[in-house]
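Okay, thanks everyone for coming. I'll keep this short: some aromatic rings, then a helix pair. Let me put the structure up.

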Amino acid sequence: MKPILLVTVPLLYLFTSCTATSNQYLASEYQEPEQRATISILPIQAEVFFEYFPGYAFGKLENDQDGTFEQYLPSFIERNTQADVKEILTAPHLEGENFELKELPLKSGDTFQILAPKENTSLTSPEINTRFTLILDQFNYQMYSIETGGGNYAGHEMETETRLKFETKYLIWDNQAGQPAAWGKVNSVKRYTVLERKMLFQQLLDEVFEQILSKSPFS
């Protein structure tokens, strides 16, 4: 694994004139997607950042899902865009003091919080110099049950249905400008059955990452 150094570049950015769904933003200066963009991927994990953010709720995957970002996401991005994924950024390559809890605006007027690089930071090095870094934060699967059905009258009794949900916050960081290019919170939900478990995990990831790519600065 090649070392990643955190360096700074000039910042010219305002959180204005954004286009979005209710939970996703793409800054106006990125409306024309970059062709053949280079990308790194950073899953925010406790092993890197707990020392600096001890009270933060970090993302977590189960043991059989640990290869999600390393094995699945790079190939998914390259299949569905013209971008080239160069690296997964992991513990040996990151400096926690170069990150902060950042408040970003949502279309509703609310904000959401994400762990992100400080302004003017570039997650690059001479060995790995990517234009964008896709940061994934507080990612997790949730299994829960809900009551379904048409009511209490005969033939329409309530039934319990188990569902599986995957959600994540994300931020696409422009390493060249040292600023956020896109951000949001996305999720997908499927009815859960044991026999379809493996397929459901992949379908949920597909839908979530399709949402991210639909509001990205690369095509």
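**Rings first, then helices**

So, tyrosine 30 and phenylalanine 132 are both buried. Keep in mind that this is a predicted model.

How do those two rings sit relative to each other? They're edge-to-face, with 6.3 Å centre to centre and 70° between the planes. Tyrosine 30 is in the loop between strand E3 (24-27) and strand E4 (38-43), while phenylalanine 132 is in strand E9 (residues 132-148), so this pair ties together parts that are 102 residues apart in sequence.

Now, phenylalanine 132 also pairs with phenylalanine 218: the centres are 5.8 Å apart and the planes are at 50°, so we call that one tilted. Phenylalanine 218 sits in the segment after H3 and phenylalanine 132 in E9, so here the pair ties together parts 86 residues apart in sequence. Phenylalanine 218 is buried, as is phenylalanine 132. Put together, ring pairs link Tyr30, Phe132 and Phe218 into a cluster. For context, searching the whole structure turns up ten aromatic pairs.

Okay, helices. H2 (residues 68-80) packs with H3 (residues 197-214) at an angle of about 50°, and their axes are 11 Å apart. The crossing of the two, H2 and H3, is right-handed.

Who's touching whom? On the H2 side the contact includes Phe69, Tyr72, Leu73 and Phe76, and on the H3 side Leu205, Phe209 and Leu213 are among the residues. By class, that H2 and H3 contact has eight nonpolar, three polar and two charged residues.

Methods: Residues numbered from 1 in each chain as written. Predicted model: local features only at pLDDT ≥ 70, side-chain atom pairs only at ≥ 80, totals over all residues. Heavy atoms only, no water. Axes fitted to C-alpha atoms, helices over the stretch in contact; angles between N-to-C directions. Helix = DSSP H or I, 4+ residues; strand = E, 2+ residues; numbered from the N terminus. Left-handed = near helix turned anticlockwise from the far one by under 90°. Contact = heavy atoms within 4.5 Å. Nonpolar A, V, L, I, M, F, W, Y, C, P; charged D, E, K, R; others polar. Phe/Tyr/Trp six-rings, centres within 6.5 Å; stacked < 30°, edge-to-face > 60°. Buried < 20%, exposed > 50% of the residue type's maximum accessible area, 1.4 Å probe, protein only.
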